[in-house]
Amino acid sequence: MEKTKDNEGDNNNNSLKDGSICGFDSLHTLLSANLQPHVYKEVSRLLLGLNCGKGLELLSVEESAKALSFKHDFDLHAFSFSADKELMREPRVVRVGLIQNSIALPTTAPFSTQRTAIFHKLEPIINAAGASGVNILCLQEAWTMPFAFCTREKRWCEFAEPVDGESTQFLQKFAQKYNMVIVSSILERDVNHGETIWNTAVIIGNHGNIIGKHRKNHIPRVGDFNESTYYMEGDTGHPVFETAYGKIGVNICYGRHHPLNWLAFGLNGAEIVFNPSATVGELSEPMWPIEARNAAIANSYFVGSINRVGTEIFPNPFTSGDGKPQHSDFGHFYGSSHFSAPDASCTPSLSRCRDGLLISDMDLNLCRQLKDKWGFRMTARYEMYHKLFGQYLKPDFQPQVILDPLLHKKSS
């Protein structure tokens with residue numbers, strides 16, 4: 001049935017409220033429901049690319065995982081990235097999972113109750129990942145709490161915890177149970193250095209051990225994202241963690257806007273880089289499907305992009321010095337978690353408005369195959385940029401600008 005303008009207006013208003021796109025969970029569900037199959041196939045090719053010359057394969061999902069998805073109402077999808085068959089190396093297939101979720105209770109609930117409720121909410125989703133044979137699982141940025149860093153209220157610091165704190169202990173049992181590496185992005189309290197707070201990803205090994213941590217390199221100061229009220233830029237560099245299943249890095253949230261941040265993880269040998277995030281539609285959604293995919297292409301590694309879901313209402317209105325009226329929420333966190341591959345292919349995104357688990361098999365041999373194909377490292381001319389950066393960092397730097405000699409000459 002053709003929609004009237006009035007109906008379109010109603011649908012748009014409802015979409016703003018529930019985070020859907022005209023009543024659909026994601027762009028891809030909207031397209032698949034409204035295009036003829038042959039047209040949708042061609043549109044998908046243009047939007048998602050081809051993996052080794054063909055569309056991404058769907059993975060079958062364990063019935064127990066499907067049952068958990070149905071019972072606890074979370075989105076569940078699974079895909080497979082392949083690589084070309086090699087004569088000298090066996091395939092290196094790793095199964096990777098991403099979890100996106102909304103908070104579980106209003107932000108006015110007691111803090112400890114909020115965190116415990118999030119633990120309970122995530123337990124069935126993590127169990128679905130484990131039942132599906134996921135080897136490496138990544139959670140969203142600051143998953144243990146509301147993303148309260150817009151408020152600039154210091155009381156939210158109570159959610160900060162040591163690297164080996166309550167959330168790590170909660171996840172360690174799943175890592176051991178499912179032989180699974182888990183990337184957990186938390187608000188860290190460094191008790192050995194003056195109780196300093198950091199935005200930190202903890203890497204939990206498949207035996208339940210803590211492999212290491214990485215602290216967020218780039219801190220936003222844009223719109224409501226005034227995170228430097230709570231923590232400053234990290235001091236851990238660009239570590240790559242060699243796990244039982246591959247070499248992984250973590251580019252936390254705002255770092256995705258910095259191409260050199262992505263590059264550094266690649267120079268250190270990452271095969272998969274995760275981008276646990278918390279970002280809202282008005283600010284960043286047009287950039288979301290582009291930046292991670294570009295990074296995967298330019299650095300010849302896989303990228304897992306995770307964003308939280310929902311609208312979080314805080315008890316006290318706030319402003320951000322941008323001329324907008326005071327408000328009580330960031331806006332809608334639009335989920336849309338997805339994977340990108342070094343051959344420019346990517347998965348459809350999870351829902352914009354529901355919790356979800358995205359699973360993907362990925363043959364890590366694809367990383368070297370794309371390095372060989374494109375030769376980006378060989379042609380990068382790092383020494384040229386090293387010289388430029390060295391000059392740029394000096395106080396007397398002068399940009400290399402060549403002036404048109406006729407630009408300011410008066411006509412005779």
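This is a predicted model: local features need pLDDT of at least 70, side-chain atom pairs count only at pLDDT 80 or more; totals for chains, interfaces and linings use all residues.
Student: How many helices and strands does the protein chain have, and what is its radius of gyration?

Tutor: The protein chain has 11 helices and 17 strands. For 412 residues the globule rule gives 22 Å, and the value for this chain is close to that, so the chain is as compact as a globular protein of that length; its radius of gyration is 22 Å.

Student: What percentage of the residues of the protein chain count as buried?

Tutor: A residue counts as buried when its relative accessible area is under 20%. When that cut-off is applied to the 412 residues of the protein chain, the percentage that count as buried is 51%.

Student: Which element gives the most residues to the largest nonpolar core?

Tutor: The largest nonpolar core has 32 residues, and those with the most contacts inside it include Ile 99, Ile 126, Leu 137 and Trp 143. Among the elements that give two or more residues to this core are β2 (75–81), α6 (166–178), β5 (181–190) and β17 (356–363). The element that gives the most, with 7 residues, is α5.

Student: Which residues does Leu 171 touch, not counting residues up to four places away in sequence?

Tutor: Leu 171 is itself one of the residues with the most contacts inside the largest nonpolar core. In general, nonpolar side chains in soluble globular proteins tend to be buried together. Not counting residues up to four places away in sequence, Leu 171 touches Ile 126, Leu 139, Trp 143, Ile 182, Ser 184 and Ile 204.

Student: How many residues are in the second, separate core, and is its member Cys 253 buried or exposed?

Tutor: The second, separate core has 31 residues, including Val 183, Phe 241, Cys 253 and Leu 358. Cys 253 is found in the loop between β11 and α7, and it has a positive phi of about 40 degrees although it is not a glycine. Because its relative accessible area is 4%, Cys 253 is buried.

Student: Where is Cys 52 found, and what is its relative accessible area?

Tutor: Cys 52 is found in the loop between α3 (37–48) and β1 (57–58), and its phi is positive, about 55 degrees, although it is not a glycine. Cys 52 is partly exposed, and its relative accessible area is 30%.

Student: Which elements do the buried residues of α7 pack against?

Tutor: Helix α7 covers residues 259–267, and among its buried residues are Trp 262, Leu 263 and Phe 265. The helix is followed by Gly 269, whose phi is positive, near 95 degrees. The buried residues of α7 pack against β7 (210–215), β11 (246–250), β12 (272–277), α9 (288–299), β13 (302–307) and α11 (382–392).

Student: Is Phe 79 buried or exposed?

Tutor: The place of Phe 79 is in strand β2, and, leaving out residues up to four places away in sequence, it touches residues that include Leu 56, Leu 58, Pro 348, Leu 358 and Asp 361. Since its relative accessible area is 8%, Phe 79 is buried.

Student: What is the relative accessible area of Ser 351?

Tutor: Ser 351 is found in the loop between β16 (338–340) and β17. Leaving aside neighbours within four places in sequence, Ser 351 is in contact with Asp 25, Asp 75, Gln 100, Tyr 334, Gly 335 and Ser 336. Ser 351 is buried, with a relative accessible area of 0%.

Student: Is His 207 buried or exposed?

Tutor: His 207 has its place in the loop between β6 and β7, and its C-alpha atom is separated by 8.1 Å from that of Val 181, 26 residues apart along the chain. Because the relative accessible area of His 207 is 58%, this residue is exposed.

Methods: Residues are numbered from 1 along each chain as its sequence is written. Side-chain values use heavy atoms; hydrogens and water are left out. Helices (H or I, at least four residues) and strands (E, at least two) are DSSP runs, numbered from the N terminus. The radius of gyration is taken over C-alpha atoms; the globule rule is 2.2 Å times the number of residues to the power 0.38. Buried means under 20% relative accessible area, exposed over 50%, partly exposed in between (1.4 Å probe, protein chains only). Contact means heavy atoms within 4.5 Å. A nonpolar core is a set of buried Ala, Val, Leu, Ile, Met, Phe, Trp, Tyr and Cys residues joined through side-chain atoms within 4.5 Å.
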